[in-house]
Amino acid sequence: MKASAARILVLHGPNLNLLGTREPGVYGHTTLQGINEALTALAKELPVELRIVQSNSEGALVDAIQGAIADCDGILINPAAYTHTSVAIRDAIAATGLPAVEVHLSNVHAREPFRSHSYIAPIAVGQICGFGPDSYLLGLRALAGRLGK
Ligand code: CA2
């Protein structure tokens, strides 16, 4: 019998809906839709199934993470600014018991000092940053590998 594909929740945090439309000097010209299309194409190849959510609200992100307990095998997350502030998102990911990979477009360690601290990294499988949209694709490959796909 053919094994079913791993299911991955992809989460984009606050302001990432603005990608490609504001501050291209920092975050590039690729839109969030472009990133999601690239992730969807890679997901077909691996193969894995994706559920993609973007929210500007911490509570909505926590709800989506809790929802993953029922029907996902892993989490790929760019928590955006909540990376540096949110114990709630960290606790929610830890509570799922699911492997999570943290990704960032920019190299958070080469920017303002406050961006070097992540509440998420200690409970993540790993952190990938600085490769622009490719951070997401590298993260998806890494997570799929961790899930045996
Ligand atoms: O580099 C990343 O992916 C970040 O997660 C992006 C966050 C930032 O707070 C993190 O330190 C690093 C900010 C996302 C804001 O996205 C925008 C996109 C276009 C215009 C304005 C903001």
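Modeller: Two strands count as paired if DSSP finds at least two bridges between them. The model discussed here is predicted.

Colleague: Which residue of strand 2 stands opposite Val10?

Modeller: Strand 1, residues 6-12, runs parallel to strand 2. Seven bridges join strand 1 to strand 2, and the pairing criterion asks for at least two. Across from Val10, the residue in strand 2 is Ile52.

Colleague: In what order do the five strands form the open sheet?

Modeller: The pairing in this sheet is parallel. Strand 2 (48-54) and strand 5 (126-129) are the edge strands, each pairing on one side only. Neighbouring strands are turned by 20° against each other on average, direction ignored. The order of the open sheet is 2-1-3-4-5.

Colleague: At about what angle does helix 2 run to strand 2?

Modeller: Helix 2 covers residues 32-45. This helix lies across strand 1, strand 2 and strand 3 (74-78). Its angle to strand 2 is about 165°.

Colleague: And about what angle does the direction of helix 5 make with that of strand 3?

Modeller: Helix 5, residues 134-146, packs on the sheet. It touches strand 1, strand 2, strand 3, strand 4 (100-104) and strand 5. With the direction of strand 3, that of helix 5 makes about 160°.

Colleague: Are helix 2 and helix 5 roughly parallel or roughly antiparallel?

Modeller: The axes of helix 2 and helix 5 are 10 Å apart, and the packing angle is about 25°. Angles under 35 degrees fall in the parallel class. Helix 2 and helix 5 are therefore roughly parallel.

Colleague: Is the crossing of helix 2 and helix 5 left-handed or right-handed?

Modeller: Helix 2 contributes Ile35, Ala38, Leu39, Leu42, Ala43 and Glu45 to the contact, and helix 5 contributes Tyr136, Leu137, Leu140 and Arg141. These residues divide into eight nonpolar, no polar and two charged. The crossing of helix 2 and helix 5 is right-handed.

Colleague: About what is omega at the cis peptide bond?

Modeller: The cis bond joins Leu46 and Pro47. Pro47 sits in the loop between helix 2 and strand 2. Omega is about -15°.

Colleague: About what is the phi of Asn15?

Modeller: Asn15 belongs to the loop between strand 1 and helix 1 (24-27). Its phi is positive although the residue is not a glycine. The value is about 75°.

Colleague: Does Ala80 count as buried or exposed?

Modeller: Ala80 lies in the loop between strand 3 and helix 4 (87-96). Its phi is positive, near 50°. The relative accessibility of Ala80 is 13%, and the cut-off for burial is under 20%. Ala80 therefore counts as buried.

Technical notes. Residues are numbered from 1 along each chain as its sequence is written. This is a predicted model: local features need pLDDT of at least 70, side-chain atom pairs count only at pLDDT 80 or more; totals for chains, interfaces and linings use all residues. Side-chain values use heavy atoms; hydrogens and water are left out. Helices (H or I, at least four residues) and strands (E, at least two) are DSSP runs, numbered from the N terminus. Axes are lines fitted to C-alpha atoms, for helices over the stretch in contact, and angles run from 0 to 180 degrees between N-to-C directions. Contact means heavy atoms within 4.5 Å. Angles under 35 degrees count as roughly parallel, over 145 as roughly antiparallel, 65 to 115 as roughly perpendicular and the rest as oblique. A crossing is left-handed if the near helix is turned anticlockwise from the far one by less than a right angle, and right-handed if clockwise. Ala, Val, Leu, Ile, Met, Phe, Trp, Tyr, Cys and Pro count as nonpolar, Asp, Glu, Lys and Arg as charged, and the others, Gly among them, as polar. Buried means under 20% relative accessible area, exposed over 50%, partly exposed in between (1.4 Å probe, protein chains only).
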